[in-house]
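Colleague: I am new to reading models like this one. Could you walk me through the terms as we go?

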Amino acid sequence: MKEGIILTLGIGVIGLGLMGAVHARNCYGRIPGARLIAVSDANTESLEAFTSEFHLVKGYLDYRELIEDPDVDAIIIAASSSVHAEIIRGIVPLKKAILCEKPLTNSMEESIELHHLISRASIPFQMGLMRRFDPSYIQAKALIEKGSIGTPYSFAAISRDKDAYPPSYISKTSGFFKDTGVHDFDLARWLMGAEVATIHAQGSAFISEHIKEFGDVDFAQANFTFTSGAFGSIQLTRNAIYGYEIRTEILGTNGALQIGWTHRTGTVLLVRDQVIRDTVEDYRLRFEQAYVNEMVEFVRSVKASQAISPNSYDGVAADLIADAATKSLQRGTLETVDNGVLESSG
Ligand SMILES: NC(=O)c1ccc[n+]([C@@H]2O[C@H](COP(=O)([O-])OP(=O)(O)OC[C@H]3O[C@@H](n4cnc5c(N)ncnc54)[C@H](O)[C@@H]3O)[C@@H](O)[C@H]2O)c1
């Protein structure tokens with residue numbers, strides 16, 4: 001990082017796919033105190049499409065040129081998960097700030113190793129677990145902390161994508177729990193204020209042939225226990241044809257919290273024998289505000305040299321649960337989540 005006070009944080013975005021395009025567009029004008037300096041994508045067409053629309057933004061086919069650009073202070077990693085590790089390893093010696101999309105990497109061992117590398121280098125690092133920045137989840141967290149539902153003892157999460165991702169995306173991920181469930185596991189830790197202790201998962205590929213070919217599933221569920229004694233469950237599907245749906249329910253000794261909805265707008269069409277609402281297309285619409293909020297918070301924390309949350313510890317902790325769920329799914333066993341590995345190695 002540059003020495004002294006940074007008035008405007010220069011941002012570079014690596015990866016201009018579905019997720020990277022959201023971050024790059026937000027950084028172009030919606031984030032106070034930040035300026036989009038450069039973007040990078042290994043695909044020439046994606047790169048040219050973006051730089052021709054957004055003037056004065058530099059475009060690099062090779063991400064290494066972006067991270068070395070002296071005008072870039074902070075880097076958003078939104079390239080395919082399979083290349084996160086090499087990009088992080090390239091940035092750490094330059095001591096630039098990082099916001100990395102989940103997961104940290106596709107390999108559990110490498111994620112733990114990178115977490116220790118990032119911690120030792122003391123670089124500002126935020127994990128792209130954006131649900132923590134969604135207004136409804138922020139409110140739920142505040143209500144739990146206020147004691148509004150007493151002691152939370154049950155956490156239930158439902159995550160449904162409308163359509164399965166294409167083979168080009170699935171081939172660069174390491175399973176449904178790690179790719180999607182990780183958001184729910186992060187919410188579980190954050191909202192319940194406890195770690196997950198054990199997990200038992202099941203799943204199958206009911207609809208998507210290409211997902212079966214990659215050894216993955218399009219439906220998965222898991223039951224788990226928390227170190228606090230509370231219980232949790234998660235249900236994931238990739239083919240909820242009606243729309244994107246994210247819901248969470250928490251039961252406490254003095255009440256309950258329900259977070260989430262299926263409709264996009266408040267408009268309801270009422271005609272003979274039917275009442276019709278619209279639905280949410282995908283995560284980019286449902287979490288539009290959360291993506292802006294997470295970037296605002298990243299820029300603010302980096303400029304103020306303040307501690308960042310969620311950080312690489314949170315990223316790996318959620319990954320550890322997803323990893324245990326994946327093993328349970330493959331082996332049919334109850335798995336223990338080895339949270340101690342984050343404290344003991346490094
Ligand atoms: N937080 C969320 O809600 C959320 C949602 C979707 C995806 N993601 C994460 O964002 C990342 C990207 O997902 P996506 O859906 O945008 O995928 P995508 O396949 O649409 O886009 C990935 C992009 O990365 C580019 N790329 C690959 N290797 C590169 C390299 N070496 N240098 C530069 N560019 C490279 C590809 O050309 C592609 O344009 C993944 O890690 C994914 O897990 C997060």
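**Contacts, core and sheet**

Modeller: Gladly! Take Ile14: apart from its neighbours within four places in sequence, Ile14 is in contact with Ser40, Tyr63, Leu66, Ile75, Ile76, Ile77, Ala78, Ala79 and Ile87. Keep in mind that this is a predicted model, where local features need pLDDT of at least 70 and side-chain atom pairs count only at pLDDT 80 or more, while totals for chains, interfaces and linings use all residues. Residues are numbered from 1 along each chain as its sequence is written.

Colleague: What makes two residues be "in contact"?

Modeller: Their C-beta atoms, placed from the backbone, must lie within 7 Å. By that rule, 15 residues of domain 1 are in contact with 19 residues of domain 2. On the side of domain 1 that touches domain 2, α5 gives the largest share, 3 residues. By class, that side has 8 nonpolar, 5 polar and 2 charged residues.

Colleague: Where do the bounds of the domains come from?

Modeller: They come from an automatic or database domain assignment. For this protein chain, the assignment gives domain 1 (9-131) and domain 2 (132-289 + 318-344). Their centres, taken over C-alpha atoms, are separated by 25 Å.

Colleague: Which residues have the most contacts inside the largest nonpolar core?

Modeller: They are Ile14, Ile77, Ile98 and Ile321, in a core of 99 residues. Domain 1 and domain 2 both give residues to this core, so it lies between them. A nonpolar core is a set of buried Ala, Val, Leu, Ile, Met, Phe, Trp, Tyr and Cys residues joined through C-beta atoms within 7 Å. Buried means that 20 or more other C-beta atoms lie within 10 Å of a residue's own; exposed means 12 or fewer, and partly exposed is in between, with C-beta atoms placed from the backbone.

Colleague: Why does the ligand's shell lie between the domains?

Modeller: Domain 1 and domain 2 both give residues to the shell around the ligand, so it lies between them. Of the 25 residues around the ligand, Gly15, Gly17, Met19, Ala79 and Glu101 come nearest. A residue counts as near if its C-beta atom, placed from the backbone, lies within 6 Å of the molecule.

Colleague: And how do you know that β9 and β10 pair?

Modeller: Two strands pair if DSSP finds at least two bridges between them. Strand β9 (residues 219-226) and strand β10 (residues 231-237) pair in the antiparallel sense over 7 bridges, so they meet that definition.

Methods. Helix = DSSP H or I, 4+ residues; strand = E, 2+ residues; numbered from the N terminus. Nonpolar A, V, L, I, M, F, W, Y, C, P; charged D, E, K, R; others polar.
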